[in-house]
Amino acid sequence: MPAVVAAAFTWIAMLSFGGILVETIVIYPNVFHDPPASLASAVDFFTVTGPADLFPPLGAATGIAALAALALAWRTRARWWFAAALLCLVVGEFLFSMLFFWPRNDIMFEEGLAVHTAEVLRRTAVEFETGHWVRLAMSAVTATLGFVGLLRLWRAPAASAASGHPGTAS
């Protein structure tokens, strides 16, 4: 059961990373190529659904799965990998997004030219794109830590059987 939950967490974390990578390669070049005009076009384009409809529930699922994997792997050394993945997810993705991206989203997509100058919108777009590389890297690290944790958890029974001590695999 712990390996199944760890595999589910790893799959969700990799799916999330893949989504952020696709957003980086496919969506963001269109959104940020010519602010403020491209920002207005993005608002018009995302009227039915957009990244804000996918990533919050996906992030919540990733966090819940990470907590479950950590809890079920608690008696093994693999717990450290899941704890690190959870920490990276919470600090590097959730808190960073909340503190850095949410205010910039408001400036670019809610307030726009009605409140800010074109120069402020251009500068905010550059800040957003620059910060996004940090978020993408943290998502990659989260998925990688989850994958390593899964491998360690998977190898723990074989290593413990060979050594005679349960949960001794690193």
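**A first tour**

Tutor: Start with Pro 36, found in the loop between α1 and α2 (37-45). Helices here are DSSP runs of H or I with at least four residues, strands are runs of E with at least two, and both are numbered from the N terminus. This is a predicted model: local features need pLDDT of at least 70, side-chain atom pairs count only at pLDDT 80 or more, and totals for chains, interfaces and linings use all residues. Residues are numbered from 1 along each chain as its sequence is written, and side-chain values use heavy atoms, with hydrogens and water left out.

Student: What kind of peptide bond joins Pro 35 and Pro 36?
Tutor: A cis one, with omega about 10°. Most peptide bonds are trans.

Student: OK, helices. At what angle do α1 and α3 pack?
Tutor: About 155°, with the axes 8 Å apart. That makes α1 roughly antiparallel to α3. Angles under 35 degrees count as roughly parallel, over 145 as roughly antiparallel, 65 to 115 as roughly perpendicular and the rest as oblique. Axes are lines fitted to C-alpha atoms, for helices over the stretch in contact, and angles run from 0 to 180 degrees between N-to-C directions.

Student: Which residues do those two helices cover?
Tutor: Helix α1 is residues 2-31 and helix α3 is residues 51-72.

Student: New topic. How many salt bridges are there?
Tutor: Two, counting a side-chain nitrogen of Lys or Arg within 4 Å of a carboxyl oxygen of Asp or Glu. In one, Glu 127 meets Arg 104 at 3.0 Å, N to O. Glu 127 lies in helix α5 (residues 118-163) and Arg 104 in helix α4, so the pair ties together parts 23 residues apart in sequence.

Student: Is Arg 104 buried or exposed?
Tutor: Buried, at 18% relative accessible area. Buried means under 20%, exposed over 50%, partly exposed in between (1.4 Å probe, protein chains only). Glu 127 is partly exposed, at 29%.

Student: And which residue does Glu 119 form a salt bridge with?
Tutor: Arg 122, with the closest N and O atoms 3.7 Å apart. Glu 119 and Arg 122 are three residues apart in helix α5, so about one helical turn separates them.

Student: Last one. Which residues form the nonpolar patch on the surface?
Tutor: Leu 87, Val 90, Val 91, Phe 94, Leu 95, Leu 99 and Trp 102. Val 90 lies in helix α4 (residues 79-111) and is partly exposed, at 36% relative accessible area. Patch residues have over 30% relative accessible area and no salt bridge; like charges are joined within 9 Å, nonpolar side chains (Val, Leu, Ile, Met, Phe, Trp, Tyr) within 5 Å.

Technical notes
Accessible areas come from the Shrake-Rupley method with a 1.4 Å probe; for residues, only the protein chains shown count as cover.
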